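Subject: Model for you to look over

Hi,

Here is the model I promised. Please open it alongside this note.

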Amino acid sequence: VLVKDGERCLIANLAAANNFKPSHLETDESKAIYESASLYYIAGFFLTVSVDALKIIAEHSVANNKTFCLNLSAPFIIDFFADQVATALEYADFVFCNESEAEAYGKKHELGDDLKEIALKIAASPKKNEEKKRFVIFTQGSTSTIVAHDGKVEEYKVVPLPKEDLVDTNGAGDAFVGGFLAGVMAEKSVGDSVELGHEAARFIIQQSGTTLTKPCEIKL
């Protein structure tokens, strides 16, 4: 990771993740873990490895009316793994991405460049579990977060962080998702869950990497 003035450039090494296979989900221990869960979160990077393994979890989620979440993760995932994204998207109850990824999706699928319209179109795209309407959440850094659901779109402003308090933006998106899904698990409203995501992201960008110098005191 290269960090300059709080902004970062990251080169990822997927390492062992590149060797994940459906057989890893066939052990009794693995089955006990995923069958006991009520919510699943898949990063888009996994789409480059094993869609078949993803489908095992996704099909279980649909069959048991559980919650399946997908993060598009990076523009190159959208551009070069479009078929895999399309497969995963059908299972997704919640879709997360940032503005760059949203723009890439809109361009790839000729949905225009209005992020709110792109979010609405993704939310309305075909879905395996029709009992749940899909939520699409676009983060936009320090400006606002867009949420589309059931034909409606809302925008939630981000409380600005003084630039002198910004240490490292690495992990901001992941922290947002963590805070948001904590709210979902606690049965908070969408608006409250977005604010929890904002708080978690605000906390992590004041830390260096994922080394925490103080406890995160967000209250659910």
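Below is what turned up, starting with the ground rules.

This is a predicted model, where local features need pLDDT of at least 70, side-chain atom pairs count only at pLDDT 80 or more, and totals for chains, interfaces and linings use all residues. Residues are numbered from 1 along each chain as its sequence is written, and side-chain values use heavy atoms, with hydrogens and water left out.

The sheet first. It is open and has 6 strands, in the order β3-β4-β5-β6-β7-β8, with mixed pairing. Strands are DSSP runs of E, at least two residues, and helices are runs of H or I, at least four, both numbered from the N terminus. Two strands pair if DSSP finds at least two bridges between them. β3 (39-43) and β8 (152-157) are the edge strands, each pairing on one side only. Inside the order, β6 (residues 135-139) and β7 (residues 144-149) pair antiparallel over 5 bridges. F135 stands opposite H149 in β7.

Next, the cysteines. The whole structure has 0 disulfides (a disulfide is a pair of cysteine sulfur atoms within 2.5 Å). For C69, the nearest cysteine sulfur is that of C97, 14 Å away. C69 is buried, at 0% relative accessibility. Buried means under 20% relative accessible area, exposed over 50%, partly exposed in between (1.4 Å probe, protein chains only). C216 is partly exposed at 39%. Its nearest cysteine sulfur belongs to C69, 19 Å away.

Last, A12. It sits in the loop between β2 (7-9) and α1 (28-36). A12 is exposed, at 59% relative accessibility. A12 and V1 are 11 residues apart in sequence and 8.6 Å apart in space, C-alpha to C-alpha.

Best wishes
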